[in-house]
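Trainee: I've got this one open and would like a close look at a single part of it. Start with the overall picture, then zoom in.

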Amino acid sequence: MRTSLLFSCMLFLIAVYANAQTDVAVTDEELTKYATAMDSVNELTIELMDSITSMVKNTSVMSATRYNDLSKIIGDESKLAEAKATPEEIDFVKSVADYKSKSTSEINTAFQSLAKDYVGAATFNKVKKALTSDAELKGKYESLMEELKKDNTRTEE
């Protein structure tokens, strides 16, 4: 009886382990889709940052340094008064923040769509989880991302 119970437990554990192993296996196609989606999101993020940088550099309202200083305190009226922020400066900082918020929301929507519709939610989660525990897979992913980055219109500096 005891041997039978032990044998049954061992078979159960082997079955669970084998199932866990097959759930974690990531194909090259799955990894490529995941990397392509992540590269697309990265490129959208870089484009957003470039747009914001351009807005700040090309404004006649204030310098980039002044923008950086005011953007840190934009929600604090007393600090804005202390910094002698003009209504035009405040409006500009808020307009950039609104643009960033709207664009970030659009990027998040695109990210969710890519994860769900292009990669597939289950596959996306499987690859994401596997990347945290499989060093070899992570290396392949990083190499793939470097290759995909070469095709981007602009790369991170």
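Mentor: Take contacts between residues at least 6 apart in sequence: 72% of them join residues at least 24 apart, a contact being heavy atoms within 4.5 Å. Keep in mind that this is a predicted model, where local features need pLDDT of at least 70 and side-chain atom pairs count only at pLDDT 80 or more, while totals for chains, interfaces and linings use all residues. Residues are numbered from 1 along each chain as its sequence is written, and side-chain values use heavy atoms, leaving out hydrogens and water.

The protein has six helices and zero strands, running α-α-α-α-α-α from the N terminus. Those are DSSP runs numbered from the N terminus: H or I over at least four residues for helices, E over at least two for strands.

Now zoom in on α5, residues 87-133. With 47 residues, a straight helix would reach 69 Å at 1.5 Å a residue, yet the end C-alpha atoms of α5 are only 51 Å apart. That expected span is 1.5 Å times one less than the number of residues. Where's the bend? Look at Val119: a kink of about 105 degrees in α5 is centred there. The bend is the angle between axes fitted to the seven residues ending at a residue and the seven starting there.
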